[in-house]
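I wanted to look up a few packing details and jot them down as I went.

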Amino acid sequence: MNIYFSAMVLLISLPSFCMQTADITLPELGDRVSGAVSQNDEKIIGKEFLKQVYFQAPLIADPLIQEYTELLVYRLSEYSNVKNREFTILIIDDNSLNAFAAPGGVIGVNGGLFLNADNEAQFSSVMAHELAHLSQRHFARNVLNAQDKSIGSAITMISSIALALVTNNPNAIAIGPAVLQNQNLRYSRLFEKEADRVGFTNLIKAGYNPKSMGEMFENMNNLKRLSGETPPEFLLTHPLSSSRVNDAMNAAEGIPEKNTKYDSLEYSLIKSRLKVFYGKIPSQSLRYFEAKFKKDKSDSSLYGLSIANNINNNFNESIKLIDILIKKHPKNLFLNTTKVEILTKSKDYDKALKLANEILHISPKNYPLSVNKSKLLLEMKNFFESEKIIRDQLIRRNNDPQLWLLLSEIQRGGRNIIGYHQSKAEYYLLLGQDEEALSQLEFALNLTENNFLVSERILTQIIAIKERINKTRGL
């Protein structure tokens, strides 16, 4: 799926990077902007957007990639002007280069961004730009300049953007008010320049080499050349010029050399992980990394070769290769979690559980490892312990639909049918599918029999959902 972002909207991906190194003067956002769209309004709009994306967009349900991206965004946000640092990070299952920011702290990243950014610094330059969209409250300022400033119109527009995003149908944006669309077209370029400028400065503050922005430009230009006469829609709506690449490089010239951070081991591993993930045929992925490792003996090549062997069921070779990396980086959680995955797939459950417990003793409640241990226990049919782990993770990640879906799978395996329907209802609620959630809760209610406490809790939830549905219908 090629994700489309129109220049008419403020969910703009990887736009022009402004390479000015002068001190930045940020606009006064104050009461005028908050009067148009308050911070709380932005949260409401963001939730509506999330429902659309959760329901329709394919997401990469990979805790290792998810945690890495979350930690990087939160770390970058420390150097940004984002006041409310509560983010929802979406990893979109699309191998094209793209990223976006939406009201309420929603940041989306295509799998393809990892593949097209050579290192963590280039990837971070994009994330810094998206954070700047949020810190400068570009969505709220766009609404401020529109004739129709109602939250209803803003939600309609954000929902249509989400629909265009996940269905590759730019005409879906036509649902939004025409005047609002025109205002977005008028102001988006100005906001993009501001986000470029702010993002560039914050990237430097975070310690990344500023040359990474220019390098990211070069990658995008190369992508444009390789696309021939039909470049991706993103490059059509955000044209790149050689002068902008030069501007980026020239601006970086004046930055002190102390900013030298480019890459991390984890980022290079994710690139290899996604290369295998997007490989159409397992045997081709194996041949690719065998050839790559002959030329490049890097950790990332060795990691790619290990997991390529894993998906080809060459488990002994996969373990042998991952052990070489773990010997070199013994405390690396990413590598050890990957070994747990390989051992689980090979059905070597006892070794997988032993390793998971050893690492969790060092890093208690680690998200990727905890999820993998839960899936391992599910394979071992230890449903009680598996459910316990996911419930503990849900204390911190209660709005993660994938965790609720996994919990429902565990409960179904353990024949906790009431719990299964309740968890499935929570999953549907996060997707904005109130009718489906209601149906699940009604199934659960019919099974509670004489359990008064459970039935009361379910009934209360049913009443709240029905009221919301009636309100939506204007009843």
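Predicted model: local features only at pLDDT ≥ 70, side-chain atom pairs only at ≥ 80, totals over all residues.

I found Lys297 over the face of Phe293, at 4.5 Å from the ring centre. I also noted Arg397 over the face of Tyr367, at 3.6 Å from the ring centre. My rule for this: NZ of Lys or CZ of Arg has to be within 6 Å of the ring centre and within 35 degrees of the ring normal.

Residues are numbered from 1 along each chain as its sequence is written, and side-chain values use heavy atoms, with hydrogens and water left out.

**Overall.** I get 23 helices and 3 strands in the protein chain; these are DSSP runs numbered from the N terminus, helices being H or I with at least four residues and strands E with at least two. Of the 475 residues, 54% are buried (under 20% relative accessible area; exposed is over 50%, partly exposed in between, with a 1.4 Å probe and protein chains only). I took contact to mean heavy atoms within 4.5 Å. Among contacts with a separation of 6 or more, 69% are between residues 24 or more positions apart.

**Aromatics.** I paired rings of Phe, Tyr and Trp (its six-membered ring) with centres within 6.5 Å, calling planes under 30 degrees apart stacked, over 60 edge-to-face and the rest tilted. By this rule I count 11 aromatic pairs. One of them is Phe114 with Phe123, stacked at 4.5 Å centre to centre and 25° between the planes. Both Phe114 and Phe123 are buried.

**Helix packing.** How do H19 and H20 run relative to each other? Helix H19 (residues 383-396) packs on helix H20 (residues 401-413) at about 160°, axes 9 Å apart, and they are therefore roughly antiparallel. Axes are lines fitted to C-alpha atoms, for helices over the stretch in contact, and angles run from 0 to 180 degrees between N-to-C directions. Under 35 degrees is roughly parallel, over 145 roughly antiparallel, 65 to 115 roughly perpendicular and the rest oblique. On the H19 side of the contact I listed residues including Phe383, Ile390 and Leu394, and these residues meet a set in H20 that includes Leu403, Leu407 and Ile410.

Next I checked H18 against H20: about 20°, axes 11 Å apart. That makes H18 roughly parallel to H20. Among the H18 residues at this contact are Tyr367 and Val371, with Leu406 and Glu409 among those in H20.

Lys365 has a positive phi of about 65° although it is not a glycine. I placed Lys365 in the loop between helix H17 (349-362) and helix H18 (367-379), where it is partly exposed at 47% relative accessible area. Arg415, not a glycine either, has a positive phi of about 60°. Arg415 is in the loop between H20 and helix H21 (417-430) and is exposed at 72%.

**Asp299.** Buried or exposed? Asp299, in helix H14 (residues 299-311), counts as buried at 15% relative accessibility. Leaving aside neighbours within four places in sequence, I see Asp299 in contact with Leu265, Leu269, Leu325, Lys328 and His329. Leu265 is 34 residues from Asp299 in sequence, yet 7.8 Å away C-alpha to C-alpha.
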